Each structure stands twice: as C-alpha cells, then as structure tokens.
Amino acid sequence: MNLMMMFITFVFIIMIMINFIIPMMNMHKIINREKNSPFECGFDPFSSSRVSFSIHFFSVSLMFLIFDIEITLIMPLPIMKSLILMKTWMTYSIMMMILLLIGLMMEWKEGSMEWK
C-alpha cells in the first residue's frame, strides 16, 4: 500500500512539473495580430461579419459530401463480388445505383446543381 501511494505521489509530481514546463517551452512564440486572427478563406476577418454570403457554396459542398460517402460505399463492390453470393451482390449493387440515381434526380429537379 505504501509503495502504491509513493507511485501515485510520484506521478502527480511529474504531472505538475510538466504543467509548469510546457508553457515555458512555448514562450518563444511571438504573438501578433496576424497569427491570432482566424483564416477565413480569403475574407478579411477584421471587417464586418454581417456580409451576406451565398448559401449555394454550402449546398455544393453538401452535395459533394453526400456523393462522396455514396462512392465510398460503391468502391468495395468488385471485391465483394468474390466474397458473397452473386444474387446478394447484384441486389446490393442495384440498390446502391438506384439510391445514387434517385439522389441525383432529386437534386437536379430541385435545381441545386445549377449555378445561379
């Protein structure tokens, strides 16, 4: 029990020392306005934050993410062909292609794929 208490105390002291040493090691970094400002994809972060921004950029990125996830589900299909039954593989493949086409048709009909 005494050995265990010494070990816990030793670990605690080491942790306290690390908490004091790490900030001293990082003191060499110079803090300036440019390094502390957030990078906003070319926008000036010091101007008004109430500038209107087109929501179309966000919808395009969302479409990319959705189709990217669906592509990651389609990629292992050729490998799965040799591991599972042909009927199961065909069913899964057809369902994935139908899901992709339905999503594509919905976004096309909605007009979110047209640049406005």
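**Helix packing in a predicted model**

Mentor: In this predicted model, helix H3 (residues 56-74) packs against helix H5 (residues 86-110) at an angle of about 170°, and their axes are 11 Å apart.

Trainee: What makes H3 roughly antiparallel to H5?

Mentor: The angle is about 170°. Angles over 145 degrees count as roughly antiparallel. Therefore H3 is roughly antiparallel to H5.

Trainee: Which residues in H3 meet H5?

Mentor: Met63, Ile66, Phe67, Glu70, Leu73 and Ile74 do. On the H5 side, their partners include Tyr92, Met96, Leu100 and Glu107. Contact here means heavy atoms within 4.5 Å.

Trainee: How many residues of each class does the contact of H3 with H5 have?

Mentor: It has 11 nonpolar, 1 polar and 2 charged residues. Gly counts as polar and Glu as charged.

Trainee: Why is Ser93 called buried?

Mentor: Ser93 lies in helix H5. Its relative accessible area is 10%. Buried means under 20%, so Ser93 is buried.

Trainee: What does the side chain of Ser93 reach?

Mentor: The backbone oxygen of Trp89, at 2.8 Å. The cut-off for a polar contact is 3.5 Å, and 2.8 Å is within 3.5 Å.

Trainee: Which residues does the UniProt annotation "transmembrane region" cover?

Mentor: The unreviewed UniProt entry gives 6-25, 55-77 and 89-108. Such annotations may be inferred rather than shown by experiment.

Trainee: How much helix and strand do residues 89-108 have in the model?

Mentor: That span is 100% helix and 0% strand, with its end C-alpha atoms 28 Å apart. Residues 6-25 are also 100% helix and 0% strand. Their end C-alpha atoms are 28 Å apart.

How values were computed. Residues numbered from 1 in each chain as written. Predicted model: local features only at pLDDT ≥ 70, side-chain atom pairs only at ≥ 80, totals over all residues. Heavy atoms only, no water. Axes fitted to C-alpha atoms, helices over the stretch in contact; angles between N-to-C directions. Helix = DSSP H or I, 4+ residues; strand = E, 2+ residues; numbered from the N terminus. Parallel < 35°, antiparallel > 145°, perpendicular 65-115°, else oblique. Buried < 20%, exposed > 50% of the residue type's maximum accessible area, 1.4 Å probe, protein only. Polar contact = N/O pair within 3.5 Å; in protein donor to acceptor, adjacent residues only side chain to side chain.
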